[in-house]
Amino acid sequence: MSDSSQPRLKRTLGLTGLTLFGVTYMTVITVFTTYGIVNQVTDGHLPAAYIVAVVAMLFTAASYGAMVRRYPVAGSAYTYSQQSFGGAAGFLTGWVMLLDYLFIPMINFMLIGIYLNTQFPDIPVWAFTLAALLLVLLFNILGITLVSKLNMAIIGLSVILVVVFVALSFKTAFGGDASVSLIEPFTFGEGGIGAIASGAAILALSFLGFDAVSTLSEEAKNPRKDIPRAIVLSTLVGGLLFIIVSWAGSLAFQPDWASLSQAEVDAAGTTVMDSFGVPWMTSFFVAVYVVGAFGSGMTGQVSVSRILYAMGRDGMLPKPLSRLHQRFGTPIVAAITVSVFALSALFLSLDTVAFMISFGALAAFAMVNLSVIRTYIFPKGGRREPLGARSIIVHLIFPLIGFALTIWLWTSLQPTTWIVGAIWLAVGVVIIAIVTGGFKRPVPKMDFSEQDPTTEQIDQLGEDFPFEGTRR
């Protein structure tokens, strides 16, 4: 078979599509996924936790942008750590990333089943969950262009819900005689900065959209230019929407979170909607939430399937994961693998999944910040161009701040999360030992040299890598 007939990922996404992909992945109504959990941790100061999370994520988003300019291919933090610190570090980073990427489709499929079951109790939860899983798998196989088009409709519905929710929240907050403090939700409260940090650590899962954008580098029309911009735009737009929605909700609904039942905390979205006393609002919320969860699950599966595709392509995971569909050019084996794994969502609790997603996300974020410093300030071989003031700020100071903030949030997670994470890392080390024959051989690593690329290197990437001065 000739090189031109090999199935390849298709470059179809521009800045708008990439940004919409990221914002949809962070879908604004994901605020209600952890709304009760974080409000309980912060004693009703969810907006303050979101501000801390946004600040930390902006520094990390800038680091993603810097790295994607150097390595505009699929693989995300896995690729960046691998190129900066070697194959072992890259694999372990990718392995930890799988925690959040594998759990995100799971939590969305589970939530779809739970919320639809509240409206159609005669149909079991598992039926809705399975239907959502199969539909997402189908769309993933058909290709990223269809996913991008569906994202626009999903964002439109989410915006309508947000506008109605904010309007009702302000009407409820200022319609009575009691005075409402506009600033109180942004303070630290009695729990102090420690409680806010714990809440912000959980909220890290809300910002995986910009990380998801970086996994589409091989499907972007102009990855070096558009991916960095889309990463920052996704973080800013998504973060602003999160803050507005959480602030509006805190003004309208201020219960004693410690006194609520676990069921009320887990289903805080419907709890808040019911407080408005508008019968149709809860049904409308459930409908839009399900659509948003479908979009998030869809983009989540697209992203993790491409990470598995990259790792399978490098020989770190079974080679069939790198197989592309002959007609649609999508990683079909990786997509099916993610769908099978997602079925375990039926046996996990919401808070457990939320903490594990954040653990994997924050670990990857920390490595990306370090990768920027290694790549631009202390490159391998000690060869680099003279550093200017801008490079020192962008490639050293900003990544250091991002790394410090990420570690701070990471250490604020529950101890049980660290135990599970440590076990997962240990399994990753075992895999490395098997692949390297007991650490006797180097860990397989992708070659992104831009000097005289060979046909074999281009074929290994499985995509048109934009080498300077090179044309197919």
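## A tour from the core to a surface patch

Begin inside this predicted model by selecting Phe32, Tyr64, Phe165, Phe207, Phe276, Leu362 and Leu409, which are the residues with the most contacts within the largest nonpolar core, a set of 133 residues. Helix H5, covering residues 87–119, supplies the largest share of this core, with 18 residues.

From that selection, keep Phe165 and display what surrounds it: apart from its neighbours within four places in sequence, Phe165 is in contact with Phe32, Val245, Ala248, Gly249, Val272, Met273, Phe276 and Met281.

Now zoom out to the whole protein, whose secondary structure consists of 18 helices and zero strands. Of its 472 residues, 56% are buried, and of the contacts between residues at least 6 apart in sequence, 82% join residues at least 24 apart. The protein exposes about 18,800 Å², and 66% of that area is supplied by carbon and sulfur atoms.

Select helix H3 next, a helix of 25 residues that reaches 36 Å from its first C-alpha to its last, close to the 36 Å expected at 1.5 Å a residue. H3 is mostly covered, since 18 of its 25 residues are buried.

Then move to Pro228, which is found in helix H10, residues 223–252. Is Pro228 buried or exposed? Its relative accessibility is 4%, and Pro228 therefore counts as buried. Leaving aside neighbours within four places in sequence, the contacts of Pro228 are Gly65, Val68, Arg69 and Pro223. If you also select Leu15, you will find its C-alpha atom 9.5 Å from that of Pro228, although the two residues are 213 apart along the chain.

The last helix to select is H16, with 22 residues and a reach of 30 Å from its first C-alpha to its last, close to the 32 Å expected at 1.5 Å a residue. Colour Ser391, His395, Pro399, Gly402, Thr406, Leu409 and Trp410, which are the buried residues in H16. Against which helices do the buried residues of H16 pack? They pack against helix H3 (46–70), helix H8 (192–202), helix H15 (350–377) and helix H17 (415–435).

Finally, select Ile397, which is also found in H16, residues 389–410. Ile397 has a relative accessible area of 38% and is therefore partly exposed. Together with Leu387, Ile392, Ile393, Phe398 and Ile401, Ile397 forms a nonpolar patch on the surface, and these residues have about 420 Å² of accessible area together.

Conventions:
Residues are numbered from 1 along each chain as its sequence is written. This is a predicted model: local features need pLDDT of at least 70, side-chain atom pairs count only at pLDDT 80 or more; totals for chains, interfaces and linings use all residues. Side-chain values use heavy atoms; hydrogens and water are left out. Patches are made of residues with over 30% relative accessible area and no salt bridge: like charges are joined within 9 Å, nonpolar side chains (Val, Leu, Ile, Met, Phe, Trp, Tyr) within 5 Å. Accessible areas come from the Shrake-Rupley method with a 1.4 Å probe; for residues, only the protein chains shown count as cover. A salt bridge is a side-chain nitrogen of Lys or Arg within 4 Å of a carboxyl oxygen of Asp or Glu. Helices (H or I, at least four residues) and strands (E, at least two) are DSSP runs, numbered from the N terminus. Buried means under 20% relative accessible area, exposed over 50%, partly exposed in between (1.4 Å probe, protein chains only). The expected span of a helix is 1.5 Å times one less than its number of residues. Contact means heavy atoms within 4.5 Å. A nonpolar core is a set of buried Ala, Val, Leu, Ile, Met, Phe, Trp, Tyr and Cys residues joined through side-chain atoms within 4.5 Å.
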